[in-house]
Amino acid sequence: MSSSTKKFTIAVEGNIGSGKSTVLAHLSKSSLCEVIAEPVESWTNLKGHNVLAMLYDDPHRWGFAFQANAQMTLAKLHAQTTKAPVKVMERSIYSARYCFVENLYRSKILHGAEYEILNEWFQTLVSGGSCDLDLIIYLRASPETCLQRIQMRHRSEEESIDLGYLQTLHERHEEWLIQRNRTNNSPPVIVVDANQTKERVYIDTNTHVNNLVSC
Ligand code: TTP
């Protein structure tokens, strides 16, 4: 495939409240990009069940079910084809596994058996190559900034999120994307300072998307 017709898949990653949705809304205006939004709506209404609220109300009871569903819904989005040269995903199956599942397990919320089942399922879903990424853009924001933004947007399910939870999730993102603890087949990672104003974040993100397509 020539470089002019080659298609790319990018995942925009970052802690809860780091600004992924606003960056995606901005990128959706570019003719280069087709944006695949995260299926949060399907998590708040799974045939009438709000599994996101259930997760926050009782993580021990619902952590496994939520993460099983998150992995499955994200894998479906990975498999979706797009017409534009760049497919941009909000999150990926990799952050569901390496950040959220990992965090629930290390916090002793997921049982060892549940962790192994989710991991086995994850390995199966990614093994065919349909979840491969060409680039990860990491919106790196401090947990304090994320908390402020979460409080401002006021998603009712997330009222129990505190700084401690965001700090542990921040550490999982850092292990995965900065310390590169998961090096097998990992795509390149570009870090964008997401503590900046959203205008600055847009400019930085646009630059990276354009660079990817022109190289
Ligand atoms: P995010 O994927 O972080 O989306 P967001 O809308 O909060 O992102 P941003 O503010 O940067 O635009 O999280 C959505 C919700 O789903 C959040 O409450 C965390 C939760 N979640 C999990 O609990 N487990 C998972 O595996 C994923 C992907 C999300």
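Good morning. Please keep in mind that the model on the screen is predicted.

The neighbouring contacts follow. A polar backbone atom of Gly19 is 2.9 Å from an oxygen atom of the ligand. For Lys20, a polar backbone atom is 2.7 Å from an oxygen atom of the ligand. As for burial, the ligand taken alone exposes 610 Å², and the protein buries 98% of that area.

Let us turn to the surroundings of the ligand. Which residues are the closest to the ligand? They are Glu38, Tyr56, Arg91, Arg153 and Glu158, out of 21 residues that surround the ligand. By class, this shell holds 8 nonpolar, 6 polar and 7 charged residues. The largest share of the shell comes from α3, which gives 3 residues.

I now move to the pocket. The space that the ligand takes is the largest pocket. Two or more residues of the shell around the ligand come from each of α1, α3, α4 and α5.

What is the volume of the largest pocket? The value is about 580 Å³. Its lining consists of 33 residues, and those nearest the centre of the pocket are Ile16, Gly17, Lys20, Arg153 and Arg155. Several elements give two or more residues to this lining, including α2 (40–44), α7 (143–153) and α9 (198–214). In the lining, 16 residues are nonpolar, 8 are polar and 9 are charged.

To close, I return to two residues. Lys20 has a polar backbone atom 2.7 Å from a ligand oxygen atom and is among the residues nearest the pocket centre. Arg153 is one of the residues closest to the ligand and is also listed among those nearest the pocket centre. Thank you for your attention.

Notes. Residues are numbered from 1 along each chain as its sequence is written. This is a predicted model: local features need pLDDT of at least 70, side-chain atom pairs count only at pLDDT 80 or more; totals for chains, interfaces and linings use all residues. Side-chain values use heavy atoms; hydrogens and water are left out. On a 1 Å grid over the protein atoms alone, a cavity is a set of points where a 1.4 Å probe fits but cannot get out, and a pocket is an open set with protein on both sides within 12 Å along at least five of seven lines; lining residues have an atom within 4 Å of a point. Grid points are joined across faces, edges and corners, and a volume is the space filled by probe spheres set on the points. Helices (H or I, at least four residues) and strands (E, at least two) are DSSP runs, numbered from the N terminus. Ala, Val, Leu, Ile, Met, Phe, Trp, Tyr, Cys and Pro count as nonpolar, Asp, Glu, Lys and Arg as charged, and the others, Gly among them, as polar. A residue is near a molecule or strand if one of its heavy atoms lies within 4 Å of it. A polar contact is a pair of N or O atoms within 3.5 Å; within protein, one must be able to donate a hydrogen and the other to accept it, and residues adjacent in sequence count only if both atoms are side-chain atoms. Accessible areas come from the Shrake-Rupley method with a 1.4 Å probe; for residues, only the protein chains shown count as cover. A molecule sits in a cavity or pocket if more than half of its atoms lie within 2 Å of its grid points.
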